[in-house]
Amino acid sequence: MGGCLSRPAEKYETDKDKEVADLKAQVDQLQKALTAAKGSGAHAAPGKGGVVETLFFPDAKLPCRNMKKPGGCRRKNCEYAHEPTSLTRFLDYLGSATRTLDICVFTITNDDISDVVLNLHQKGVKVRIITDNDQSSTQGSDIAKFRAAGIPVRQDHSPAHMHHKFAIIDGRLLLNGSFNWTRQAVTGNNENVTVLSDLALIQAFQAQFNKLWSMFNT
Ligand SMILES: [Zn+2]
């Protein structure tokens, strides 16, 4: 009780002063936490925090599908991208899966992404997908395609959204950010995906994935 009374508002001359004091206190706290984390060896790569890279969207163009063919694209004035983009980098990471791919996303309507996922499944990679029930039946959702191919898909059945956007590749890489797996997000929205290799972080996301996977088994 006395503690509250001993901290009068007029201690700070302006709201700005109080704001600055609060921010300084927050920085002090973060620095203490950082020192503690470094001391405990929590990060496998100190200084990097396990961040491999961050991809930013929108891309100016969608990737040209002819680039997958031998000889590349021969179309004159082709309007698609022939150089690496954030999406092609993203697809490269996804496609690097050799054992497992756990996907937990709001919705998937991007055919470039679903083609990579289907291809991995066909190559024997164990793919699991968690998604939102409100999106799975909307036009363009690729969920039906995944199910038809034999990929296990589970959904939440609540009015709330399963709004995560992350994927775990072989238990060694985590893709996480605002990026929806849609065409609109690639060339329209401001989005990000950070690629992380921090094992402690990956384990936390894996535990959450497993929890949701069990929870949505109805
Ligand atoms: Zn082209």
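1. Donors are N, O and S atoms within 2.8 Å of the metal (3.2 Å for Na, K and Ca), and because water is not among the atoms, sites may look incomplete. In this predicted model, the zinc ion is coordinated at 2.1 to 2.3 Å by C64 (SG), C73 (SG), C78 (SG) and H82 (NE2). The spacing of these donor residues in sequence is C-x8-C-x4-C-x3-H. C64 and H82 both lie in the loop between β1 (51-57) and α3, so the pair ties together parts that are 18 residues apart in sequence.

2. The angles subtended by the four donor atoms run from 104 to 116 degrees, which makes the zinc arrangement tetrahedral (four donors, all angles between 85 and 135 degrees). The ideal angle for four tetrahedral donors is 109.5 degrees.

3. The loop between β1 and α3 also holds P58 and N77. The peptide bond from F57 to P58 is cis, with omega near 15 degrees. N77 has a positive phi, near 55 degrees. Most residues other than glycine have a negative phi, and most peptide bonds are trans.

4. Helices α3 (residues 86-95) and α4 (residues 111-122) pack at about 15 degrees, with axes 10 Å apart; they are therefore roughly parallel (angles under 35 degrees). The contact (heavy atoms within 4.5 Å) involves L87, F90, L91, L94 and G95 of α3 and D112, I113, V116, V117 and L120 of α4. By class, eight of these residues are nonpolar, one is polar and one is charged.

5. Residues are numbered from 1 along each chain as its sequence is written, and side-chain values use heavy atoms, without hydrogens or water. Local features need pLDDT of at least 70 and side-chain atom pairs 80 or more, while totals for chains, interfaces and linings use all residues.

Notes. Axes fitted to C-alpha atoms, helices over the stretch in contact; angles between N-to-C directions. Helix = DSSP H or I, 4+ residues; strand = E, 2+ residues; numbered from the N terminus. Parallel < 35°, antiparallel > 145°, perpendicular 65-115°, else oblique. Nonpolar A, V, L, I, M, F, W, Y, C, P; charged D, E, K, R; others polar. Tetrahedral: all angles 85-135°; square planar, octahedral: opposite > 155°, others 65-115°.
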